[in-house]
Amino acid sequence: MAIKSLSYDHGFIGDQIVSTYVSLGCIEDAKNLFDELPDKDLVSWNSLISGFSRVGDFGNCLKAFSRMRFETDMKPNDVTLIPLISACTDTAVLDVGKYVHGFAMKLGILLEVKVVNALINLYGKSGYTDAACLLFDEMPLQNSVSWNSVIAVLVQMGLAEEGMRYFIMMRKAAIVADQATLVTLLQACENLGVRKLVAAIHGYIFSCGLNMNLAIATSLLKLYANLGILSASQKVFGEMTKPDAVAWSAMLAGYAAHGCGKEAIELFELMVREGVVLDHVTFTHLLSACSHSGLVKEGKYYFKIMSKVYGVEPRLDHYSCMVDLLGRSGLLDDAYKLVKSMPKESNSAVWGALIGACRVYGNVELGKEVAEQLIALDPSDSRNYIMLSNIYAAAGQWKNASKVRALMKEKNLIRNPGCSYIEHGNRIRRFVTGDQSHPETKQIYKKLEELIGKIRNAGHVSKTEFVLHDVGEDVKEDLINKHSEKLAIAFGLLVTNANMPLIITKNLRICGDCHSCAKFVSLIERRTIIIRDRKRFHHFANGSCSCGDYW
């Protein structure tokens, strides 16, 4: 109607039509119409620049800015520069961002809070956190967005402690935290892994009256689950009045990670009854829970009906879960057939789910084939070579194991050492195999020797087959007794109260001997031990593990 009546030459209407064309992806139409506008003012140019920025068209955004500068005598303002800086941030074009920064300084609009906030975001996300912090510190007056921006970029760049420091400064400045602040802080807590800090932030959330905020509550639920405190996750979820699909999925993911398959299935069935929209993420967590609990029958059932009943077509993640489930159950042939029958090309996650089972069940031939597939998919991933070498070593094929190790050395592939982490005194203590770096080393090894003696008397026999080196049995036993998990357990028993669970995180999968050892220690010492390895959580209590020895 506007074009028919030729009223598009009216500034406001013309600007709106140009913006609409840009948002619809009709870039050439937008440019042509913009060129036809007779009275283009600063608002017109700003509208065009911000339109291109919103749709992520950095090239046309920059061209429009350049045209404005060189074809007109208009002076850009903060509304001009902010979308340009945002476009630089989204496309990681720091050089142009620096130019805009200098231009803002030259125009005298660097004191505009919104401009500085955008620049903090730009420098922070580009890895220049010092520059972002300097901009923030030099601001005469920061608003809540300024504080949220500097905290967010620090946390996102892995500087969680520094982000926490700025949050403390924010509180001293009497700035009230909002949803954005608290979700970022919870991410920082996960990066730091300090549970006492999480409890403090949880209390602060209550004091701000934001405990019923769904986004914050969901982040808190995820955090507790990831830190091994599933009971706290359940409590947070139970306090939600109307959880959305994201919250339901987060709780389902928590059950999956902790190997609570039956609880996951109960939650899933409740989701169905409550009319929650189910998607591919829901079924990934459900099948993962079945995999971590050995629920083969149930896993097969839900995999079968997910498309027939719920209209969710299986993706690679779902196939990976099923291959993992079948492989862990010793059904290697079925797992292999499933991989081969997939309508989609298998990826490293699918093949990786099978190779672990080959290692556990000693299927060298299949393990070799799977490893070759994985190496072809990603020749630079050292884990594939290590797994193949371990399969050969477990079968006593030391020459083949040595050849694989030599190939790794030739390709300059380095294996990440196994590390275990435990919290004490508001710090995270790190242990590696045979660690001698701690001030309490003598006490730790004395406690460990005492534990080994106790569990041997209780019937524990070292599983030296998990030492994949061609050495004598006595050397194997000495090596396996100094694994990082055992050192962390000994340290934890020394420094924590008797009623406190030991919560340990490991960067690799827990070995069978450490798994057996943790069960015996939980019985002898009457302590709950929770170990999170690369795959899942293990809850040890009264001589048994929540995984039912199925991991």
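These questions and answers concern a predicted model.

Q: How many disulfides does the structure hold?
A: A disulfide needs two cysteine sulfur atoms within 2.5 Å. The sulfur of Cys-545 has its closest cysteine sulfur in Cys-547, at 3.5 Å, so the pair is too far apart for a bond. The number of disulfides in the structure is zero.

Q: Is Cys-547 buried or exposed?
A: Buried means under 20% relative accessible area. Cys-547 has a relative accessibility of 4%, so Cys-547 counts as buried.
Its closest cysteine sulfur lies in Cys-545. The state of Cys-547 is buried.

Q: Is Cys-545 buried or exposed?
A: The cut-off for buried is under 20% relative accessible area. Cys-545 has a relative accessible area of 9%, so Cys-545 is buried.

Q: Which helix holds Asn-390, a buried residue?
A: Asn-390 has a relative accessible area of 10%. The helix around Asn-390 spans residues 382-394. That helix is α23.

Q: What is the C-alpha to C-alpha distance between Asn-390 and Val-364?
A: In sequence, Asn-390 and Val-364 are 26 residues apart. In space, their C-alpha atoms are apart by 10.0 Å.

Q: Which residue in β2 is the bridge partner of His-424?
A: Strand β1 covers residues 419-424, and strand β2 covers residues 427-432. The two strands run antiparallel and are joined by six bridges. In β2, His-424 has as its bridge partner Arg-427.

Q: Which residue takes a positive phi in the hairpin of β1 and β2?
A: Two residues lie between the strands of this hairpin. The phi in question is near 60°. The residue that takes it is Gly-425.

Note on methods. Residues are numbered from 1 along each chain as its sequence is written. This is a predicted model: local features need pLDDT of at least 70, side-chain atom pairs count only at pLDDT 80 or more; totals for chains, interfaces and linings use all residues. Side-chain values use heavy atoms; hydrogens and water are left out. Buried means under 20% relative accessible area, exposed over 50%, partly exposed in between (1.4 Å probe, protein chains only). Helices (H or I, at least four residues) and strands (E, at least two) are DSSP runs, numbered from the N terminus. Two strands pair if DSSP finds at least two bridges between them.
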